[in-house]
Amino acid sequence: MKFVIAMMKHETNTFSPLPTLLSSFGRTGGHDGPLYGPEVTEAYAGTNNPIAAFLDLAREEGAEVVTPIAAEAWPSGPVDDDAFEVIVDAICDSVALGCDALFLDLHGAMVTGRYDDPEGRLLRRVRTVAPDLPIAVAFDFHANLSTETIENATVITGYRTYPHVDMYDAGARAGRTLLRSLNGEITPVIAWGSLPLLTHMLCQTPSRQPMKDVMDMAIAAEADGRVLNASVFGGFPLADHPHVGVSTVVVGDGDAGAAAELSEALLDMAWERRAEFVYSLEPAEVSIAHAKTLDEGPVVLVEHGDNCGAGGNQDVMTAIEEVMRQGLVDVAVSPVWDPDSVAQMIDAGVGNEVTLNLGGKTDMPAINLKGEPLRISGRVRAITDGRFTVTGPMMTGMRISLGRTAVLDCGNVEIMVSEERMEPFDLGVFRHAGIEPTQKKYLLVKSRQHFRAAFEPIAKHIVEVAGPGVCSSDYDLFPFKNLRRPIYPLDPDATR
């Protein structure tokens, strides 16, 4: 057999001011743009990613493998339409040459200038090339799915975790089901449904309630063989289009009724708990003041309003400034995105003093927020190339590049500054620059949930800090215009 295996992943925050060009799709290796051909296997084989599972399954089957493209970008603003076309053409051109199956590692929350569901558009274009081709898709837990996506895939699975530590497993689940279909053992049918429910991302992780029982029901149904696959998607709420919401996808074996029954049961449970998916905000200064009273460290301060893992700039300085104003000591911050400041620190050299207008280089017009740099002085403690290999449970084995990176020692606070954005989900983000996170009293990270993959095991306390930015949990800040309405909690009286 011959399999085409490809990746297209981007979580689009439609309120983010950061453009997403073709060159942005080089998230993992410090390169500009997607990976092609043998580069895909070299970068992803043996890692905790769906595409790695597809590669392993193909090898087990003795199949010929074509890897036309792997395109993955950090969350940011809408994807350039031309970039999307390049990715789609690469995949469709490979399919047009003939294959027995297509395995896709997709995100599910991409938006381009032209399309509010590019993944669905990709699948439909594949169908124009190969109408009967078996297609397996592994989606992110934050996928916002549409009818077009469902109608054009054979098998769909999603991550069951957030932070996403089961990405390989999601690919394996989709891939194995498709292989069973190719061997004539089963006949996959898909049932799905979607709720008008705009969850808060700090309340949707399947490791805790209210989502835990919903996801556990899906896992149990798949494990005991009632259905082939069952997935729950928390959705990505920072996108302004009609497909946003909590959804379920259940793959049955020739029995659409059983699949639909489980799908509806999962949706019913989520809807009954809708009020529990709403996050209560606390002022940042209050959270930081509480953190100052905690005796034992590390205390992880989670600044979630400027999280690049959801499209944030990663250069809002408000929380850092408040930490310094309140006099917290023995603090490490990672990372602030500011290429200009990195260049100035490199020019100054390790051991030398430098004064910077740090961060605050990016305005956020969608929420009427201007960037405000922080005037700050300190000593350049370290300069690195920003490269390290992930050893933690999320994206294990991936080679990561922050671009050139420097550490500014301001006395009580050490601030890591990088040329590239990255949500800190692995301890290597600190350790590669000579900062041992287990030895710091406070760790300030711009994250929402992914930090938990590596930082929760070492944390004595976790304090959520609601700083400003385009990832804010205050939905009143966002000028939503294209959501389906009514939708909860923007419309408290919304019904299913």
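I counted Ala, Val, Leu, Ile, Met, Phe, Trp, Tyr, Cys and Pro as nonpolar, Asp, Glu, Lys and Arg as charged, and the others, Gly among them, as polar. The model is a predicted one, in which local features need pLDDT of at least 70 and side-chain atom pairs count only at pLDDT 80 or more, while totals for chains, interfaces and linings use all residues. Residues are numbered from 1 along each chain as its sequence is written, and side-chain values use heavy atoms, with hydrogens and water left out.

**Entry 1: pockets**

I searched for pockets on a 1 Å grid over the protein atoms alone; a pocket is an open set of points with protein on both sides within 12 Å along at least five of seven lines, and lining residues have an atom within 4 Å of a point. I joined grid points across faces, edges and corners, and took each volume as the space filled by probe spheres set on the points.

The largest pocket has a volume of about 520 Å³. I found 21 residues in its lining, with Ser23, Ser24, Trp74, Glu420 and Arg421 nearest the centre. By class, this lining holds 6 nonpolar, 9 polar and 6 charged residues.

The second largest pocket contains about 180 Å³ of space. Its lining has 15 residues, and Val316, Met317, Thr318, Lys370 and Glu372 are the closest to its centre. I recorded 7 nonpolar, 4 polar and 4 charged residues for the lining of the second largest pocket.

**Entry 2: cavities**

On the same grid, a cavity is a set of points where a 1.4 Å probe fits but cannot get out.

The volume of the largest cavity is about 230 Å³.

Among the residues that line the second largest cavity I noted His200, Arg448, Cys471 and Tyr475. Its lining divides into 5 nonpolar, 3 polar and 1 charged.

I took helices (H or I, at least four residues) and strands (E, at least two) as DSSP runs, numbered from the N terminus. Two strands pair if DSSP finds at least two bridges between them.

An open sheet of 8 strands shows mixed pairing, in the order S12-S13-S16-S17-S11-S18-S10-S19. Strand S12 (353–358) and strand S19 (461–465) are at the edges with a single partner strand each, so one side of each has no neighbour in the sheet. For angles, I used axes that are lines fitted to C-alpha atoms, for helices over the stretch in contact, with values from 0 to 180 degrees between N-to-C directions. The twist from one strand to the next averages 30 degrees.

I then examined individual pairings. S12 and S13 run antiparallel and are joined by 6 bridges; the partner of Glu353 in S13 is Arg379. Strand S13 (residues 374–384) and strand S16 (residues 405–409) are also antiparallel, with 5 bridges. In S16, Ala406 is the bridge partner of Ile383, and Val407 stands opposite Ala382.

For packing, contact means heavy atoms within 4.5 Å. Helix H10 (residues 318–325) lies across strands that include S10, S11 and S13, and runs at about 100 degrees to S13. Helix H11 (residues 339–348) touches S11, S12, S13, S16 and S17, and its direction makes about 170 degrees with that of S12.

**Entry 3: the sheet of 3 strands**

I located an open sheet of 3 strands in the order S7-S9-S8, with antiparallel pairing. Strand S7 (188–195) and strand S8 (229–233) are its edge strands, each pairing on one side only. Neighbouring strands of this sheet are turned by 10 degrees against each other on average, direction ignored.

S8 and strand S9 (residues 246–253) pair over 5 bridges, with Phe233 opposite Ser247 in S9. Helix H8 (residues 256–272) lies across S7, S8 and S9, at about 20 degrees to S7.

**Entry 4: aromatic pairs**

I paired rings of Phe, Tyr and Trp (its six-membered ring) if their centres lie within 6.5 Å, with planes under 30 degrees apart counted as stacked, over 60 as edge-to-face and the rest as tilted. The search of the whole structure gave 11 aromatic pairs. Why is the pair of Phe54 and Phe103 tilted? Their ring centres are 5.4 Å apart and their planes stand at 50 degrees, so the pair is tilted. Phe54 belongs to helix H2 (residues 50–61) and Phe103 to strand S4 (residues 101–106), so this pair ties together parts 49 residues apart in sequence.
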